[in-house]
Amino acid sequence: PEKRKVYDDVTALKKTHVGSKRRPIKVICMCLILVLAIAHYYQLADYRERKSRLMSHNAVLRRIRIKFKKEGKVVRTKNNKIEEEDIPDAMLNEIVQELKLRVPGGWTGEPPRVLDLVIKAPMVPLYAVQYMVWSAKWVVKYTVLGKEYDIADKEYLTRVNAGFTEFDWNQLEQKEREEYMTQEVWRSSTSKRKKPKSSKKKA
């Protein structure tokens with residue numbers, strides 16, 4: 001009986017030890033799933049906002065009606081607006097390319113997928129390290145040493161102060177980017193919304 005009691009105590013202790021090891025893994029997995037779910041939710045919200053913005057563009061609406069008419073379909077409307085779920089993303093993507101519209105944040109023609117987030121998730125630590133290294137270099141170079149901004153960093157500050165994402169900035173023509181640079185928008189955020197006269201209207 002005494003040996004049996006010792007055996008039971010040791011077995012119970014092992015179970016407790018193994019269980020305590022597994023709990024942190026479960027917590028980490030749950031946190032990762034939660035983060036992915038939140039990120040996907042915001043990606044979907046951003047996607048819907050871009051689609052809604054496209055659907056409010058008069059040129060896009062005209063093209064949609066023309067395409068539906070050619071296919072013999074009827075465009076459903078609600079409160080004088082076309083039902084977004086009736087418009088395939090592929091059709092919107094085709095119209096964007098035809099009209100050469102500049103869509104803030106870009107338009108891929110398809111909603112975001114959870115799989116894309118899962119694939120990118122392992123790279124997050126690397127991105128975080130790269131950002132910390134970049135931030136440290138920026139502080140040392142411009143705050144501590146007080147050096148003049150180089151061309152690449154002036155362009156970065158111009159893009160940020162003008163309110164462009166990296167994608168939107170790259171979509172601008174070279175002449176438009178140069179006009180922003182000549183305005184020295186990189187010096188201060190006070191010029192954030194001042195746009196060159198030649199800038200095209202965004203969708």
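Mentor: Welcome! pLDDT is the predictor's confidence in each residue, from 0 to 100. We need that idea here, for this is a predicted model.

Trainee: What pLDDT does the protein chain average?

Mentor: The average is 75, and 71% of the residues score at least 70.

Trainee: Which elements have the lowest and the highest mean pLDDT?

Mentor: Strand β1, residues 77–78, has the lowest mean at 63, while helix α5, residues 124–144, has the highest at 89. Look also at residues 189–203, where the pLDDT is below 50. Beyond near neighbours in sequence, that stretch still has 35 contacts in the model.

Trainee: How should I read a nonpolar core?

Mentor: In soluble globular proteins, nonpolar side chains tend to be buried together. In this structure, the largest nonpolar core has twelve residues, including Leu 54, Phe 68, Met 91 and Val 103.

Trainee: Which elements give two or more residues to this core?

Mentor: They are α1 (2–55), α2 (58–70) and α3 (89–99). Helix α3 gives the most, with four residues. Another core lies apart from this one; it has six residues, among them Phe 164, Trp 169, Tyr 180 and Val 185.

Trainee: Now a single residue, please. Why does Ala 37 count as partly exposed?

Mentor: Buried means under 20% relative accessible area and exposed means over 50%, with partly exposed in between. Ala 37 has a relative accessibility of 44%, so it counts as partly exposed. You will find Ala 37 in helix α1.

Trainee: What separates the C-alpha atoms of Ala 37 and Val 114?

Mentor: A distance of 8.1 Å separates them, though the two residues are 77 residues apart along the chain.

Conventions:
Residues numbered from 1 in each chain as written. Predicted model: local features only at pLDDT ≥ 70, side-chain atom pairs only at ≥ 80, totals over all residues. Heavy atoms only, no water. Contact = heavy atoms within 4.5 Å. Core = buried A, V, L, I, M, F, W, Y, C linked by side-chain atoms within 4.5 Å. Buried < 20%, exposed > 50% of the residue type's maximum accessible area, 1.4 Å probe, protein only.
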